[in-house]
4 protein chains.
Amino acid sequence: MKIAVNGASGRLGAMICNLAHDAVPVERSKEAPAVPVVIDVSSAEGLRQLIPKLKQQALLVGTTGDLPWEALEDYAKNAPVAVVPNFSVGIPMLIELISKAVPALPPGWDIEIVEAHHNQKKDAPSGTALRLAKAVAQCSDGILPNMHSLRAGDTFGEHTIWMCGPGERIELKHVATGRSVFAIGALRWAKWLVKQPNGLIRP
Amino acid sequence: MKIAVNGASGRLGAMICNLAHDAVPVERSKEAPAVPVVIDVSSAEGLRQLIPKLKQQALLVGTTGDLPWEALEDYAKNAPVAVVPNFSVGIPMLIELISKAVPALPPGWDIEIVEAHHNQKKDAPSGTALRLAKAVAQCSDGILPNMHSLRAGDTFGEHTIWMCGPGERIELKHVATGRSVFAIGALRWAKWLVKQPNGLIRP
Amino acid sequence: MKIAVNGASGRLGAMICNLAHDAVPVERSKEAPAVPVVIDVSSAEGLRQLIPKLKQQALLVGTTGDLPWEALEDYAKNAPVAVVPNFSVGIPMLIELISKAVPALPPGWDIEIVEAHHNQKKDAPSGTALRLAKAVAQCSDGILPNMHSLRAGDTFGEHTIWMCGPGERIELKHVATGRSVFAIGALRWAKWLVKQPNGLIRP
Amino acid sequence: MKIAVNGASGRLGAMICNLAHDAVPVERSKEAPAVPVVIDVSSAEGLRQLIPKLKQQALLVGTTGDLPWEALEDYAKNAPVAVVPNFSVGIPMLIELISKAVPALPPGWDIEIVEAHHNQKKDAPSGTALRLAKAVAQCSDGILPNMHSLRAGDTFGEHTIWMCGPGERIELKHVATGRSVFAIGALRWAKWLVKQPNGLIRP
């Protein structure tokens, strides 16, 4: 399947292009090429500029930040659109597992989140840790659990949720071992998205 | 709530009695006392001998092995009965989470199980590891995942399921930190069971 | 070997007495019994009151806080005395391993400490985490590493030192699985101490 | 510092060349270039062919297998030579820490090793796990500890030594997060080696 990439010069965009041998960069074109799906990994502004160039093909958005939701909803009337904040398999799965596990815990259990990233990462806790924490809060008392952020070496990305009660502990953990995880995931989502009906999907 | 314990002289039975201050041992009585729930933590044979002594009270079975299923089903016509192979919160939860996670993995992911127990434990892999492995097999290709058994020191009980794909890994882990986990769990199940309708429950 | 325990009514003291079947409590006696070794697990004040009662037997001190150092040094002229802030095998070993590992790391490696304890623990970071952090600081740049304290469930005590550099990570971890670790350790130290020459030992 | 690489077309060799911008491949040359140090990451046979081409420069050997020890010893009379089976910081450090920790354990402690690698790895246990196991055996009773090998996903390389006794556990762990760890390490060793006196070093 042919794809186009908006943000192809970024680290993730470059890796997606590398993986999908004949991907077409979009950012400098006047209009999107006639391919079944465009993957946006640019920026909120890059996405804003992309939408008018599209030709009713599927749109997979991996950008975060202040997204142009109105334009996305408009475009989704005539094409399948998915906004996926994390292309890994594991992080969306952890969010799903949290939604099963946390409501089933007996009262009085404690939940804490530990995450580790490389020492150049500016923000703490990580965006992903925050999303996991919100997933916990949504299905318990609305209060964010304690979060602990390690910034050390070139750790790629680890997130662990501790759930502790009398005499036992449950841990849900995700380890990202390389950037490839997001590029591989983008292509997996793209293949899936082209088969979906029109509409905006926010998994 | 008053409870009676069949197998009160065993390690787990003694701890349950200790925790539920006025628990009544059953094993040497001719008939069960008039309490709302009896907890059996004796043995398959002990359970067999218990059933005729019961008085339509709730029956919580924590015994494993070759259970008298016919007698249990018969008794369950007139009382709530639950057969719970592991009184912890975490192990049944892990089995539930496996049933959500494994079918959602992309093709080609590898699953392995690591468990650790004290160095006096005779069997390997542990019964719990086998149950986790079966839960994996049931929702994938029917093949048991590789299992690794550490027997070291007085480790109380740890089970980890590794799920590994390109660039990422998901771990589901349970750590039992003391025998209390099973005694506390037995009382939690007992409280819940007395409110259930008649019938045999196998969670 | 007969022992006496000062602080026998505390949690650790009771466990030591339980383990060493015929231990003699000292705190209410006018003078220490004629046993080869006295173990103090009371308090700084309790230790202060103990010293004048002693009869030149070995003295093992497991108390922390504002200890009566002058009195200890005085007493050590005529008896072997050891002040051991942590009776486990692993924590003193971790401090020793830190002193080997940290000076051998290439420049630019990051060190962080993660510790977990039960949710009733008041102080954070734990005293042990602070001691590990000081051990790191002493053999690097004098700056304490980042510390992260989880307080969840009834976790007995876990400490991990992360050392991270380009492409790799070394972890040194200690898990205490029960209070027994300290009681067993106290008796091991006691047996060793009675064979030492007079003098004050601070391992 | 200029370097030459024997085995520059292999995965590790290519990464070393990439990292050390002006590295010179040696394998197809008649003689080694006039650089202060040659790094061999080819094969036992490749190393055999390399030695006669050398010009008394430092030689860093990262090859394993049936090495030409006589030729190496001969060459080391006139140049510093180091044979380093693992260029990471952490694995040699773990071996060092094992030699401190294991002899200091009380009798009756159990030691086990867990290692994890990608699912294409043919051998189990890994060569590194075997070396860690030998380090344990050498300073205890000569018996190799139990080893457990996970082969899952694209796990780059993890090794953990468990040391377990009553009430506590010590873990020494190494996580390699990318091949870069070995290339970076090769250059670090090379810089160090050129300052050493003639002779064969086997750290």
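**Fold, symmetry and chain contacts in the predicted assembly**

Of the 203 residues that make up chain A, 46% count as buried. The structure described here is a predicted model. Its scores are ipTM 0.85 and pTM 0.88. For chain A, the mean pLDDT is 94, and 100% of the residues reach 70 or more.

The secondary structure of chain A consists of six helices and 10 strands. The chain is divided into domain 1, which comprises residues 3-87 + 180-201, and domain 2, which comprises residues 90-175. The centres of domain 1 and domain 2 of chain A, taken over C-alpha atoms, are separated by 28 Å. Among the contacts in chain A between residues at least 6 apart in sequence, 58% join residues at least 24 apart.

The packing of one helix was examined in chain D. Helix α1 of chain D covers residues 11-19, and its buried residues are D:Leu12, D:Gly13, D:Met15, D:Ile16 and D:Cys17. The cover over the buried residues of α1(D) includes the strands β1 (3-6), β2 (24-25) and β3 (37-40) of chain D, together with helix α6 (180-193) of chain D.

Chain B is superposed on chain A by a rotation of 180° with 0.1 Å of shift along its axis, at an RMSD of 0.1 Å. The same surface serves both copies, and 100% of the contact residues of chain B recur in chain A. Of the residues of chain B, B:Leu172 comes closest to the rotation axis, with its C-alpha atom at 2.5 Å.

In the contact between these two chains, 29 residues of chain B meet 29 residues of chain A. On the side of chain B that touches chain A, two or more residues are given by each of α4 (90-101), β9 (168-176) and α6 (180-193) of chain B. The most is given by β9(B), with nine residues. By residue class, the side of chain B that touches chain A divides into 14 nonpolar, eight polar and seven charged residues.

Strand pairing also links chains A and B. Strand β9 of chain A, residues 168-176, pairs with β9(B) in the antiparallel sense over nine bridges. Within β9(B), B:Arg169 is the residue that stands opposite A:Val175.

How values were computed. Residues are numbered from 1 along each chain as its sequence is written. Chains are lettered from A and ligands numbered from 1 in the order in which they are written. This is a predicted model: local features need pLDDT of at least 70, side-chain atom pairs count only at pLDDT 80 or more; totals for chains, interfaces and linings use all residues. pLDDT is the predictor's confidence in each residue, from 0 to 100. Two residues are in contact if their C-beta atoms, placed from the backbone, lie within 7 Å. Helices (H or I, at least four residues) and strands (E, at least two) are DSSP runs, numbered from the N terminus. Ala, Val, Leu, Ile, Met, Phe, Trp, Tyr, Cys and Pro count as nonpolar, Asp, Glu, Lys and Arg as charged, and the others, Gly among them, as polar. Two strands pair if DSSP finds at least two bridges between them. Domain bounds come from an automatic or database domain assignment. A residue is buried if 20 or more other C-beta atoms lie within 10 Å of its own, exposed if 12 or fewer, and partly exposed in between; C-beta atoms are placed from the backbone. Copies are superposed by least squares on the C-alpha atoms of residues with pLDDT of at least 70 in both.
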